[in-house]
Amino acid sequence: MKLGLGTVQFGMPYGVSNRTGQTMPDEAAYILDVAAAAGVQVLDTAALYGESERVLGRLLRKSHPFRIVTKTDSLIPPNGASLDADEVVRRLEQSLRRLGQSNVYGFLLHRPAELLSPYGETIMRGLEKCKRMGYVAKVGVSVYPEDSVFEMIAKYPLDLVQVPVNLLDQRLIANGFLDRCKEQGIEIHARSVFLQGLIGMEPNQMPAYFAPYMPKLSELRDTLDREGIGPMEAAVSFAEQCRLIDAYVCGVNDGAQLSQLIAWAVRSKPRLDYTAFAATEPGLLNPALWKIS
């Protein structure tokens, strides 16, 4: 199954469309049971996702079927101090203790630009040491299209990239980056499939910030209405049909939401011209730029 489970909601309130807050532990346990029963393989978390790693550490069974991917916070020390490659190892060891695991499938940099900093060679040595020690199978980066993505994969032997790809944000498909990753044997995980839930929101629910982008958002919804498919199902269908994506991770607030995603993932897929939905404005596509306080 290409559908993977994002677990940021296990550790903190997250998402522009989230009205229920952080997922409670009992519901998180149920979500994990639903995921395991459906054959979901990838679990995505990060040190920056509040209590997510610790919640997973408490809830995961020893014989769980998941491939866990986690991410580390900034590795660059303050005031230009030196960095030891073993600091990368220590960061992963901290995540492993919180997760209650002896190893994970993927370990990514949450701030990929650090690889292109003066500390980059040291960081890469640390990532490679993590692999040699058996702590992780694949190392890589979680990126935005605004990052120097081509330079990163040209300079370093990365195994895994996590990228934002959705109905509106097709920039890394259009510019050939995902094709280049495939050529180099790099595994591709998509995130932000629903653009933090924005794709499924009714226009009158959207914060005022999105008013300049309403023509594009309305066009998307009108086209899907004519095709008889909801925007969230279309988002799943797009990810399922994208040949360049090995897995895509979606966060949910409860088990019912996950069950709906699974149903969409296994349903026969409509054939749409998804390229017609693509937008280019970073202010719409990059949640880090949203001003919606």
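Strands and helices in a predicted model

User: What makes strand β5 (residues 136–142) mostly covered in this predicted model?
Analyst: Five of the seven residues of β5 are buried. Buried means under 20% relative accessible area, so β5 counts as mostly covered.

User: How do you know that strand β4 (residues 104–109) and β5 pair?
Analyst: Pairing needs at least two bridges. β4 and β5 have five bridges, in the parallel sense, so they pair. In one of these, Leu 108 has Gly 140 of β5 as its bridge partner.

User: Why is the crossover from β4 to β5 called right-handed?
Analyst: The chain goes from β4 through helix α5 (residues 120–132) to β5. A crossover is right-handed if, with the strands pointing away from the viewer, the path over the helix runs clockwise. The crossover through α5 is right-handed, which means that its path runs clockwise in that view.

User: How do you know that β5 and strand β6 (residues 160–164) pair?
Analyst: They share three bridges in the parallel sense, and at least two are needed, so they pair. The bridge partner of Gly 140 in β6 is Leu 160. With helix α6 (residues 149–155), β5 and β6 make a right-handed β-α-β unit.

User: Why is helix α3 (residues 52–59) called oblique to helix α4 (residues 85–99)?
Analyst: Their axes are 6 Å apart, at an angle of about 45°. Roughly parallel needs under 35 degrees and roughly perpendicular 65 to 115, so α3 is oblique to α4.

User: Which residues of α3 and α4 meet?
Analyst: Glu 53, Arg 54, Leu 56 and Gly 57 in α3 meet Ser 95, Arg 98 and Leu 99 in α4. The contact has two nonpolar, two polar and three charged residues.

Definitions and conventions
Residues numbered from 1 in each chain as written. Predicted model: local features only at pLDDT ≥ 70, side-chain atom pairs only at ≥ 80, totals over all residues. Heavy atoms only, no water. Axes fitted to C-alpha atoms, helices over the stretch in contact; angles between N-to-C directions. Helix = DSSP H or I, 4+ residues; strand = E, 2+ residues; numbered from the N terminus. Parallel < 35°, antiparallel > 145°, perpendicular 65-115°, else oblique. Contact = heavy atoms within 4.5 Å. Nonpolar A, V, L, I, M, F, W, Y, C, P; charged D, E, K, R; others polar. Buried < 20%, exposed > 50% of the residue type's maximum accessible area, 1.4 Å probe, protein only.
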